[in-house]
2 protein chains.
Amino acid sequence: MRIIRSATAMTAWSRKLQREGVVIGLVPTMGALHDGHRSLIRKARLSCDAVVVSLFVNPAQFGPKEDFARYPRPFKADAALCREEGVDVLFAPSHEAVYPPGFQTTVSAGALARRWEGARRPGHFDGVATVVAKLFGLVTPQVAFFGQKDFQQSVLVQRLVEDLNLGVRVVVCPTVRGEDGLALSSRNRYLTPAQRRSAPVLHEALQAGRTAILRGIRFGAQIDRAMQKVIQTDPKLRLDYLAVCDPETLEPLPRVTKTAVLLGAVRLGRLRLIDNLIVRLGGK
Amino acid sequence: MRIIRSATAMTAWSRKLQREGVVIGLVPTMGALHDGHRSLIRKARLSCDAVVVSLFVNPAQFGPKEDFARYPRPFKADAALCREEGVDVLFAPSHEAVYPPGFQTTVSAGALARRWEGARRPGHFDGVATVVAKLFGLVTPQVAFFGQKDFQQSVLVQRLVEDLNLGVRVVVCPTVRGEDGLALSSRNRYLTPAQRRSAPVLHEALQAGRTAILRGIRFGAQIDRAMQKVIQTDPKLRLDYLAVCDPETLEPLPRVTKTAVLLGAVRLGRLRLIDNLIVRLGGK
């Protein structure tokens with residue numbers, strides 16, 4: 001496995017392979033890799049000739065009061081996981097390689113970025129859209145792999161690709177969960193044992209929402225209440241939002257008539273957890 | 001020559017040729033082609049295997065009070081000029097091909113866009129940056145050709161390419177002028193004969209600035225005055241701005257010590273004319 005740190009070396013590697021007809025898959029990450037990332041890498045391995053994992057903790061997507069400085073950076077373990085999974089290139093650029101002096105052109109996400117995570121984290125999705133556009137430019141993958149756990153991000157990236165004609169196929173892979181249902185996340189390592197026991201309640205709440213829909217409840221407000229009740233069973237969780245949304249626009253659905261996505265976010269101590277479930281009407 | 005109107009057909013054409021190693025040059029235009037465009041096309045023909053001219057009057061770069069509706073659209077003459085110059089593809093997308101329903105992700109130009117044209121035309125350069133990024137995504141040229149006449153635009157496009165890692169080489173070609181020095185522009189056709197006689201005074205003013213510098217005047221304010229005096233000789237011209245700037249940052253230079261760009265804009269009736277000159281110290 002090659003570790004590449006410079007933008008020009010990354011681009012040269014990609015362009016050379018692509019002239020030879022090699023299909024490149026990119027798994028963009030902020031490192032602190034877990035089995036969720038591992039599943040993205042495996043998916044990329046199966047469908048592409050060469051796999052690039054990018055590892056860049058992108059300051060532009062952290063708010064001023066967020067955990068950019070504290071974000072975990074276990075580089076050796078990340079590189080070991082990538083090597084284990086047969087990754088061809090670990091692209092771990094420096095800050096200057098991504099944002100050189102004079103950098104000033106950014107991507108602005110649209111209406112999709114205003115709700116949910118975007119409302120709580122101003123500028124977050126512009127930061128995501130900008131760095132994803134840049135990574136796509138540097139690596140020029142034919143396919144890129146994102147986790148469904150960050151559902152709003154995955155919708156937004158698909159929109160970005162379409163709107164700016166980036167020509168990358170975006171594959172969204174199912175959320176990987178612990179045995180108790182908790183969605184894997186790089187930040188889970190910060191949960192205390194007691195918090196860790198409470199954390200799966202978010203997934204349980206979303207499942208209650210799904211059950212309600214599958215039992216015939218169609219009004220968004222009723223489904224919301226079914227989910228909220230589950231969150232309220234654990235006083236450690238403070239509800240941020242729970243919503244039944246259109247999976248493309250992410251607008252709340254007053255009434256569920258077709259596929260919906262249940263979005264949830266809670267606070268647990270200093271941490272925020274997010275999760276989601278897609279509910280297809282007429283099937284599981 | 002092929003005329004392509006759909007985004008998917010454009011992309012398919014480009015991708016196919018590029019798999020065969022063909023180097024594609026793009027000349028982005030808003031149509032109403034003149035000899036300035038012709039010189040860009042010829043430059044592209046000389047250095048690329050295939051030439052695409054895009055023709056799209058981009059609403060996003062017009063202000064609400066600007067001339068989007070009135071902008072000239074002589075499609076047949078434009079297509080004839082392209083055919084004459086050996087253009088391979090005239091890409092003339094519909095509004096929906098560029099901005100389909102749901103479009104929402106845009107590019108934001110940075111500090112470079114705030115001064116001069118950007119200050120007078122809010123949103124203009126975000127519109128330019130967005131459509132250029134999109135055209136680059138649709139056509140995926142290796143090289144793109146822009147005219148120096150829109151100097152601020154050309155600097156901004158170079159910044160866009162670098163900042164979003166678009167991987168396109170940007171070639172800026174010299175301004176083509178009438179015999180009296182007036183820079184060619186699609187909007188010149190709206191000048192009355194009397195205005196047309198006054199229009200070259202803008203170029204004369206910039207030349208006076210250049211002469212001043214070459215004669216040893218170094219203070220920006222003095223050079224500004226030398227240029228302003230020329231504008232004042234013609235009461236038809238209303239000065240918008242004249243400035244001696246750093247050619248990369250476009251910030252005004254209090255003192256000229258190396259290459260400078262002289263930027264100018266005047267109003268003439270309902271029209272605005274812009275022009276510029278690069279002055280290299282120690283050379284022509």
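This is a predicted model: local features need pLDDT of at least 70, side-chain atom pairs count only at pLDDT 80 or more; totals for chains, interfaces and linings use all residues.
Q: What span should helix α7 of chain A have, at 1.5 Å a residue?
A: The expected span is 1.5 Å times one less than the number of residues. Helix α7 of chain A covers residues 151–163, which is 13 residues, so it should span 18 Å. Its end C-alpha atoms are 18 Å apart, which agrees.

Q: How many residues of α7(A) are buried?
A: A residue is called buried if 20 or more other C-beta atoms lie within 10 Å of its own. In α7(A), 10 of the 13 residues are buried, and the helix is mostly covered. Among them are A:F151, A:V155, A:L156 and A:L160, and also A:R159 and A:D163.

Q: What comes just after α7(A)?
A: There, A:N165 takes a positive phi of about 55°.

Q: How many residues of chain A are in contact with chain B?
A: The size of an interface is often given as the accessible area lost when the parts come together. Here the contact is given as residues: 24 of chain A touch 24 of chain B. On the chain A side, the elements that give two or more residues are α1 (7–19), β5 (106–108), α6 (124–139) and α7. The largest share, 5 residues, comes from α6(A). By class, this side has 12 nonpolar, 9 polar and 3 charged residues.

Q: Which way do β5(A) and strand β5 of chain B run, parallel or antiparallel?
A: Two strands pair if at least two bridges are found between them. β5(A) and β5 of chain B, residues 106–108, are joined by 3 bridges and run antiparallel. Within β5(B), B:S108 stands opposite A:T106.

Key: Residues are numbered from 1 along each chain as its sequence is written. Chains are lettered from A and ligands numbered from 1 in the order in which they are written. Helices (H or I, at least four residues) and strands (E, at least two) are DSSP runs, numbered from the N terminus. A residue is buried if 20 or more other C-beta atoms lie within 10 Å of its own, exposed if 12 or fewer, and partly exposed in between; C-beta atoms are placed from the backbone. Two residues are in contact if their C-beta atoms, placed from the backbone, lie within 7 Å. Ala, Val, Leu, Ile, Met, Phe, Trp, Tyr, Cys and Pro count as nonpolar, Asp, Glu, Lys and Arg as charged, and the others, Gly among them, as polar.
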